[in-house]
Number of protein chains: 2
Amino acid sequence: MSSSIQKVAIDLGDRSYDILIGRGLIGASEHFQRLGFKGHALIVTNETVAPLYAQALRQTLEAVHRRVDMVVLPDGEAFKQWDTLNLIFNALLERACDRKTVLYALGGGVVGDMTGFAAASYMRGVDYVQVPTTLLAQVDSSVGGKTAINHPMGKNMIGAFYQPRLVVADLATLDTLPQRELSAGLAEVIKYGPIADAAFLDWVEAHVDALMQRDESALAYAVKRSCELKAQVVGKDERESGLRAILNFGHTFGHAIEAGMGYGAWLHGEAVGTGMLMATDLSMRLGLVDASLARRIEQVVARAGLPLKGPDLPAARYLDLMRVDKKAEAGEIRFVLLDGAGRAVMKSAPDALVAEVIESRTAR
Amino acid sequence: MSSSIQKVAIDLGDRSYDILIGRGLIGASEHFQRLGFKGHALIVTNETVAPLYAQALRQTLEAVHRRVDMVVLPDGEAFKQWDTLNLIFNALLERACDRKTVLYALGGGVVGDMTGFAAASYMRGVDYVQVPTTLLAQVDSSVGGKTAINHPMGKNMIGAFYQPRLVVADLATLDTLPQRELSAGLAEVIKYGPIADAAFLDWVEAHVDALMQRDESALAYAVKRSCELKAQVVGKDERESGLRAILNFGHTFGHAIEAGMGYGAWLHGEAVGTGMLMATDLSMRLGLVDASLARRIEQVVARAGLPLKGPDLPAARYLDLMRVDKKAEAGEIRFVLLDGAGRAVMKSAPDALVAEVIESRTAR
């Protein structure tokens, strides 16, 4: 059972839902029970997470659903594609799962994104619940209803905006998270301060060491505050027609790193960490932020154990990869840049200037 | 240019749109112009329709969009699956199409369903327009936002509810429609009377010969009235949580015929025609309709040139295939049955009774 549970509400009319944050939530059936589900449950997880938490979740859900099935996917961003998604559809159809079936995404961002898109598409839409087990998924990808798979020509190119019915972030799952993935998750935590809340950047600076040491109260606050800030943005712009794009700070450069290296070589959070430094550099070269803010962000990224330089790809390759980003319009790359601490703006920039940033920020 | 244009409005709040019906609409850019699109256009069509109408649509759209591209899919229900859908994604990504891109579905139900799902999923959603070129698509599948692909284990199992921005039904395209496909389209026209409008069943009885001879004013009225009836139902229940399921009259048996014979062997409309007779038989055996109504429906289906008996598959095979229907719940098949003329109800029925219907309605 969980001791202290925090709740963040995502306000989206009839698609509203809660994020619950606390230790031991996977073992507490009452939070799932409350949703009044009537059908089967299908747990979607991966081969890394299954041995750790699938049995506990299954036991909990057996008190909620009359039948609980499971499908175990291969682990990793390289598998975030159609063939793996189809394993979920096969599992649903082999078990004759109907429209009342509920999918549970037990895992990190890849499992969450694929399970969400499977739920959006199976019989044109069934319910799903996010049970994120990585810091990155708890602070970012499990919240807000962005679901997708990758296409060989671009990341997250095929997907849907489709909200879960509940997000259950069990802090106990972070105990088993490899240090590299903890760092990757911290990249998304660090992100929120510069774009939306200068005070949260101060807090992260003061607590990044505690976070790296998995101090539970620090982690609980980081997850809660990240979700609150994301909830504010998503509540105003669910389908990313404007404001929501600021949550992609660091992601345009980051996606180029991920795609350029082959999905899975860099963790998403690592690429975002380096991408934020590139975007900050570009903001500085455009006169939007001063060197002291750029230095602060670089230091906190460094203390989070994240790479400070991108991989050694030609600047032209970065630019090509960024032109297929979903924020691009008519071939023009739209960057999320900083306009002082706690404020983001969308802007394009001359290729030559972007190339300068890349050259100075890649490991040669 | 088109002479007389009819308009049916689909009222779905901020997802509302018009259906335009008339001769020559593909050549009239003003209806497309009015939507104020800013991005590229991608025409999605198939190898049968492309030589007939693609050039005309392209020319029209060149007055609306700064760039018009085209992707030509193989023709047929057998191709309504992931690999073909991916041809659309490839075309979009190869041309670096952004979120402002508009997809145009030029073809029948298969092209419309796949283009709609591609639009729903590409970058999590872009706009699309339906330009249906078959009677079936004009009276049914292009209206209401149901999009999908088939899965080897079930028809339309993977898809989305995603509304088009406009439906343009050019009656001139029916001139080139093979007679077999005209008949298949008439099955969906016939459908609306028994489930929703007894007076329309009277009208169809009086005009089925004229429709078979492609009398233009009869076709125009059949398309308009079918769309009006569909609009009423969809306006009340966009996501098929209840009422909308009545539009699947004949489809539960019909899907079993299509899947059991292999997609494409029977046309969808042919399977629905025979499926309606099976569903009417079942309604009669349950005491919901009398023999005279059943006889009327059978006669109009016969006069529309549709098969009166299903393929010779064992009743158990039909039942197995129907249990994976999207309307099934906990393995129980939910049939759309008639409760007198002009009124449909959702009901289950004992397997033995359903088997009797199948045995008496299959060609042995």
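Predicted model: local features only at pLDDT ≥ 70, side-chain atom pairs only at ≥ 80, totals over all residues.
1. Division of the chain. Two domains are assigned in chain A: domain 1 spans 6-176, and domain 2 spans 179-360. Taken over C-alpha atoms, the centres of domain 1 of chain A and domain 2 of chain A lie 25 Å apart. Their contact draws on 34 residues from domain 1 of chain A and on 37 residues from domain 2 of chain A.

2. Area between the domains. About 3,000 Å² is buried between domain 1 of chain A and domain 2 of chain A. Carbon and sulfur atoms account for 63% of that area.

3. Charged and polar pairs between the domains. As for individual salt bridges in the model, one joins the side chains of A:Glu240 and A:Lys146, with an N to O distance of 2.5 Å.

4. The face of domain 1. On the side of domain 1 of chain A that touches domain 2 of chain A, at least two residues each come from β1 (6-10), β2 (17-22), α5 (135-141), β7 (146-151) and β8 (154-161) of chain A. By class, this side of domain 1 of chain A has 16 nonpolar, 10 polar and 8 charged residues.

5. Relation of the two chains.

6. Surface shared by the chains. The contact takes 37 residues from chain A and 37 residues from chain B. Because 100% of the interface residues of chain A are also interface residues in chain B, the copies meet through the same surface.

7. Area between the chains. Chain A and chain B together bury about 3,300 Å², of which 58% is on carbon and sulfur atoms. Of the area that chain A buries against chain B, 24% is supplied by A:Trp82, A:Leu93 and A:Arg124, more than by any other three residues.

8. Charged and polar pairs between the chains. The rule finds 4 salt bridges across the interface of chain A and chain B. A salt bridge links B:Glu240 to A:Arg99, where the closest N and O atoms are 3.0 Å apart. Residue pairs in polar contact between chain A and chain B number 16, with both residues at pLDDT 80 or more.

9. The face of chain A. At least two residues each are supplied by α3 (82-94), α4 (109-121), β7 and β8 of chain A to the side that touches chain B. The residues of this side of chain A comprise 18 nonpolar, 7 polar and 12 charged.

Notes:
Residues numbered from 1 in each chain as written. Chains lettered and ligands numbered in written order. Heavy atoms only, no water. Domains from an automatic or database assignment. Contact = heavy atoms within 4.5 Å. Buried area = accessible area lost by both parts, 1.4 Å probe. Helix = DSSP H or I, 4+ residues; strand = E, 2+ residues; numbered from the N terminus. Nonpolar A, V, L, I, M, F, W, Y, C, P; charged D, E, K, R; others polar. Polar contact = N/O pair within 3.5 Å; in protein donor to acceptor, adjacent residues only side chain to side chain.
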